[in-house]
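Please walk through this predicted model one region at a time.

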Amino acid sequence: MAETANATLYRDELIQAFERRTAALRPRVTSDGIREGNNFVFLVNGSGSASAVTRGANGKIPSRANDATQVTCTLAEWHDKPQTTKFNIFAGQAGAARRASMQQESVGVLNRKEDDLIVDALEASTQYAGTGTEVLSVSKALHAVTVVTNANAVMSANDVTGLITPAAFAYLVQNALISSKDYVNTSMLPGAPSMFVWCNATWMVHTGLPGNATSSERLFVFHRNAIGFAFDVAGMDVDAGYNSEDAYWWARCSGHIGSKLLQNTGVCSIRHDGSGFAATA
């Protein structure tokens, strides 16, 4: 006869898995909402680097036209729809919490897609700070900032973003020019934030950049006017319900969104080796 009869207990509350659930990049780009249609046209307008002229020999001032470039951003529909049977909710662990989680996680999936589309637009740019792949230094960060400055972009922390990986931040924060409150708007240590202002740019740590946690990471410094983001002005469509015919619960989150590179000269990429801070077995 057995001497023990051990019991197994299950927690009725969920523990969230590690995922990106927030959309952080829309406030850092040029965004606009539309009520209908699948194409939104951004107008990039300027003088075309014109120079002032003197009055002509005929006594008239020569005229010119401004340079106007129309860039089309195509919107697409994006969805996420988790579902599970009524029996799985009834028989499984944390049933009621799992139903609520379906809707919460679905919103997170759409938020993640929003950031991913903006990163895709950044990836379409072609300017780099140098040709080699190395770990991020103050010099390399300044190189990328200088490339954007050379495009005559107005450098301000409100308009310029430095988008870096956790590994890039780990290298950068070791320099006193970054970690000291004498150079940034807040001291990096202790309690280093994922966003800080330095060198007329707002630097953000983001785990959704190309090659994150590898030897081939791609970082970005970009101006707000270099990237366009278009969205349905009605906002995200979130719904949930129960199908009585087939006895299952469902949740759905949908969005009509798109992003586009507007000005290549306003984006500079950095080839970065983040493998030094990657996990090992």
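Just past helix H3, asparagine 152 adopts a positive phi of about 65°. This residue is not a glycine. Asparagine 152 sits in the loop between H3 and S6. At 68% relative accessibility, asparagine 152 is classed as exposed (exposed means over 50% relative accessible area, buried under 20%, partly exposed in between, with a 1.4 Å probe and protein chains only). Helices here are DSSP runs of H or I with at least four residues, strands are runs of E with at least two, and both are numbered from the N terminus.

Asparagine 200 also has a positive phi, about 60°, and is not a glycine. Its place is the loop between S7 and S8. Asparagine 200 counts as partly exposed, at 47% relative accessibility.

The model is predicted, so local features need pLDDT of at least 70 and side-chain atom pairs count only at pLDDT 80 or more, while totals for chains, interfaces and linings use all residues. Residues are numbered from 1 along each chain as its sequence is written, and side-chain values use heavy atoms, with hydrogens and water left out.

Now look at H3 itself. The helix covers residues 138–150, 13 residues in total. From first C-alpha to last it reaches 18 Å, close to the expected 18 Å (the expected span is 1.5 Å times one less than the number of residues). Its buried residues are Val138, Lys140, Ala141, Ala144, Val145, Val147 and Val148. An α-helix has 3.6 residues a turn, so residues three or four places apart point the same way. What covers the buried residues of H3? The cover includes helices H4 (166–172) and H5 (176–179), along with strands S7 (195–198), S8 (201–205), S9 (217–223) and S13 (267–272).

Next come the salt bridges. A search of the whole structure finds 8 of them (each is a side-chain nitrogen of Lys or Arg within 4 Å of a carboxyl oxygen of Asp or Glu). Aspartate 159 pairs with arginine 224, with the closest N and O atoms 3.1 Å apart. Aspartate 159 lies in the loop between H3 and strand S6 (160–164), and arginine 224 in the loop between S9 and strand S10 (227–232), so this pair ties together parts 65 residues apart in sequence. Both partners are buried.

Arginine 112 forms a salt bridge with glutamate 19, closest N and O atoms 3.8 Å apart. The pair links distant parts of the chain: arginine 112 is in helix H2 (residues 95–123), glutamate 19 in the segment before strand S1 (30–34), and 93 residues separate them. Arginine 112 counts as buried at 19% relative accessibility, whereas glutamate 19 is partly exposed at 43%. Glutamate 114 and arginine 26 also meet in a salt bridge, at 2.9 Å from N to O. Glutamate 114 is in H2 and arginine 26 in the segment before S1, 88 residues apart. Glutamate 114 is buried, with a relative accessible area of 7%. Arginine 26 is partly exposed, at 25%.

Finish at the largest pocket. About 540 Å³ of space lies there. Of its 22 lining residues, the closest to its centre are Val44, Asn45, Gly46, Ala151 and Gln263. Strand S2 (39–46) supplies the largest share of the lining, 5 residues,.

Note on methods: Contact = heavy atoms within 4.5 Å. 1 Å grid on protein atoms, 1.4 Å probe; cavity = no way out; pocket = protein on both sides within 12 Å on 5 of 7 lines; lining within 4 Å. Points joined across faces, edges and corners; volume = space filled by probe spheres on them.
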